[in-house]
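Please take a moment to look at the sequence and the model side by side before reading on. The paragraphs below are meant to be followed with both in view.

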Amino acid sequence: FDVCIVDEAGQITEPSILQVLLLAKRTILVGDSKQLPPLVQSSLASHFGMDISLIARLSTEYSQLYNIQEKNQYICNLSIQYRMNQSIMDLANYLIYNNMLQAASPSIANAQLRLQVSTSLPQWLQVTLQPSNAIVFLNTDDCLSTMNKESSKSETT
């Protein structure tokens, strides 16, 4: 092949991409190594670095070996995003992307779901489902004990 484009390259293990590298004159890896890593179930394979994608490994190596100008010839970071409203993007920027992301347009930055929340739902669920609450953190620490109590009650009746 002249060119092979590998999408979601941040999730692909190195051994699974080797064949592509051998068959293509040029390979373009597209993905985000800061999102889901490759799924590796073997602790031995993880110990030897197979839980790191090729795109992550190459990005790290180029960052260490080359100056910024040379790195930019091979690695391109996309900073315009089309999926998240401002609140969600701000959280991702803070936790992962070092404030690199920008919304593609005001309509994306201000996007909200259109949802009618029933007042018959429990209060915590009403708050969680409110479209104005783009991000909600739910503490699930007590869920198991609550489920066990409810299960015990149903068994005794």
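What follows goes from the whole chain to some of its residues.

This is a predicted model, in which local features need a pLDDT of at least 70 and side-chain atom pairs count only at pLDDT 80 or more, while totals for chains, interfaces and linings use all residues. Residues are numbered from 1 along each chain as its sequence is written, and side-chain values use heavy atoms, with hydrogens and water left out. The term pLDDT stands for the predictor's confidence in each residue, on a scale from 0 to 100. For this chain the mean pLDDT is 86, and 85% of the residues reach 70 or more. Confidence is lowest in helix H4 (residues 68–74), where the mean is 62, and highest in strand S4 (residues 102–103), where the mean is 97.

The chain contains eight helices and four strands, where helices (H or I, at least four residues) and strands (E, at least two) are DSSP runs numbered from the N terminus. Read from the N terminus on, the elements follow the order β-α-β-α-α-α-β-α-β-α-α-α. Of the 157 residues, 18% count as buried, a word that here means under 20% relative accessible area, whereas exposed means over 50% and partly exposed lies in between, with a 1.4 Å probe and protein chains only. The chain exposes about 12,500 Å², and carbon and sulfur atoms supply 55% of that area; such accessible areas come from the Shrake-Rupley method with a 1.4 Å probe, and for residues only the protein chains shown count as cover. Among the contacts with a separation of 6 or more, 38% are between residues 24 or more positions apart, a contact being a pair with heavy atoms within 4.5 Å.

Which residues make up the largest nonpolar core? There are five, namely Val-6, Ala-9, Ile-17, Leu-54 and Ile-55, and a nonpolar core is defined as a set of buried Ala, Val, Leu, Ile, Met, Phe, Trp, Tyr and Cys residues joined through side-chain atoms within 4.5 Å. In soluble globular proteins, nonpolar side chains tend to be buried together. If neighbours within four places in sequence are left aside, Ile-55 is in contact with Ala-9, Gly-10, Leu-29, Val-30, Gly-31 and Ser-33.

Val-30 lies in the loop between strand S2 (26–29) and helix H2 (43–47), and it counts as partly exposed because its relative accessible area is 36%. Together with Val-3, Ile-5 and Ile-28, Val-30 forms a nonpolar surface patch with about 330 Å² of accessible area. Patches are made of residues with over 30% relative accessible area and no salt bridge, in which like charges are joined within 9 Å and nonpolar side chains (Val, Leu, Ile, Met, Phe, Trp, Tyr) within 5 Å.

A salt bridge is a side-chain nitrogen of Lys or Arg within 4 Å of a carboxyl oxygen of Asp or Glu, and by this rule there are two. In one of them, the side chains of Lys-25 and Asp-2 meet at 3.2 Å, N to O. This pair links distant parts of the chain, 23 residues apart, with Lys-25 in the loop between helix H1 (14–23) and S2, and Asp-2 in the segment before strand S1 (3–6). Both Lys-25 and Asp-2 are exposed.

The side chains of Arg-57 and Glu-14 also meet in a salt bridge, at 2.3 Å, N to O. Here too distant parts of the chain are linked, since Arg-57 is in helix H3 (residues 54–65) and Glu-14 in helix H1, 43 residues apart. Arg-57 counts as partly exposed because its relative accessibility is 29%, whereas Glu-14 counts as buried because its value is 16%. Leaving aside neighbours within four places in sequence, Glu-14 is in contact with Ile-52, Ser-53, Leu-54 and Arg-57.

Finally, the backbone deserves a look. Most residues other than glycine have a negative phi, and most peptide bonds are trans. Glu-8, in the loop between S1 and H1, has a positive phi near 55°, and Asn-99, in the loop between helix H5 (86–97) and S4, has a positive phi near 60°. Glu-8 counts as partly exposed because its relative accessibility is 39%, while Asn-99 counts as exposed because its relative accessibility is 59%.
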